[in-house]
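Subject: Structure handover

Dear colleague,

Please find the structure below. My notes on what was found in it follow.

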Amino acid sequence: MSHDSYMHRARPGAAGAPIFFVFHGTGGDENQFFDFGGHLLPEATVISPRGDISEHGAARFFRRKAEGVYDCEDLARATNRMSEFVAANREFYKAGPVIGLGFSNGANILASMLIHKPGLFEAAVLMHPLIPFEPKERTEKVCGRVLITAGERDLIASVELTQSLADYFRQSGDEVELEWHPGGHEIRAVEIDAAKRFLARYGS
């Protein structure tokens, strides 16, 4: 898999510095979190891929059959393809720790990689993820750091599913933080502040 197999934006950082992958939500693109990623980790290499699936013109990372109903075969395809893209870019840029951040659909592809490709990411920020299936138990005990941010009135990613995902990562040995706000499926300032604190150790 080539380091440019996905359409993406890239900002090279110093060799050995972290590489920071940012994943957009449905209908977003490689521009949605690119500058945000550079602001969060100014010294890192920042990579922002565009999802390779179009849903009525809206870019996504994998197909779904309806709201909250995934095409699990396509999710497996996307997880494998994106994992190879991440590994290829880590090698291409001679990077240090691999860090991820995703919102909504972007959080889902990132969470799927954390579940199925343990050890690929050292740390990840999942903003409003929705994983409506029972994740498989990890066979490899590789510990990472996970921040999940969510809305208490999110009609897309429910409190119950969010909590169960956090519990899964904890039971898998990860260090997990949860940040809630009282709203719905939108990013609020408390989430951005939580992400800054969580990622501070990977900064300059």
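UniProt annotations may be inferred rather than shown by experiment. With that in mind, the unreviewed UniProt entry places the annotation "domain: Dienelactone hydrolase" on residues 93-183. The model itself is predicted. Over residues 93-183 the chain is 27% helix and 27% strand, with 38 Å between the C-alpha atoms at the two ends.

Next, the helix packing around α3.

Helix α3 spans residues 105-116 and helix α4 residues 159-171. The two pack at an angle of about 30°, and their axes are 11 Å apart. Angles under 35 degrees count as roughly parallel, so α3 is roughly parallel to α4. The crossing of α3 and α4 is left-handed. On the α3 side the contact is made by Ala-111, Leu-114 and Ile-115; α4 contributes Leu-165, Tyr-168 and Phe-169. By class, this contact of α3 with α4 has six nonpolar residues, no polar ones and no charged ones.

Helix α2 (residues 72-92) also packs on α3, at an angle of about 80° and with the axes 9 Å apart. That angle makes α2 roughly perpendicular to α3. From α2 the contact takes in Leu-75, Ala-78, Thr-79, Met-82, Ser-83 and Val-86, and from α3 Ile-109, Ser-112, Met-113 and His-116. The contact of α2 with α3 has six nonpolar and four polar residues, and again no charged residues.

Last, the aromatic rings.

The count comes to nine aromatic pairs. One of them joins Phe-21 and Phe-121. Their ring centres are 6.2 Å apart and their planes are at 80°, an edge-to-face arrangement. Which parts of the chain does this pair tie together? Phe-21 lies in strand β2 (residues 19-23) and Phe-121 in the loop between α3 and β9 (123-127), so the pair links parts that are 100 residues apart in sequence.

Regards

Notes: Residues are numbered from 1 along each chain as its sequence is written. This is a predicted model: local features need pLDDT of at least 70, side-chain atom pairs count only at pLDDT 80 or more; totals for chains, interfaces and linings use all residues. Side-chain values use heavy atoms; hydrogens and water are left out. Axes are lines fitted to C-alpha atoms, for helices over the stretch in contact, and angles run from 0 to 180 degrees between N-to-C directions. Helices (H or I, at least four residues) and strands (E, at least two) are DSSP runs, numbered from the N terminus. Angles under 35 degrees count as roughly parallel, over 145 as roughly antiparallel, 65 to 115 as roughly perpendicular and the rest as oblique. A crossing is left-handed if the near helix is turned anticlockwise from the far one by less than a right angle, and right-handed if clockwise. Contact means heavy atoms within 4.5 Å. Ala, Val, Leu, Ile, Met, Phe, Trp, Tyr, Cys and Pro count as nonpolar, Asp, Glu, Lys and Arg as charged, and the others, Gly among them, as polar. Rings of Phe, Tyr and Trp (its six-membered ring) pair if their centres lie within 6.5 Å; planes under 30 degrees apart count as stacked, over 60 as edge-to-face and the rest as tilted.
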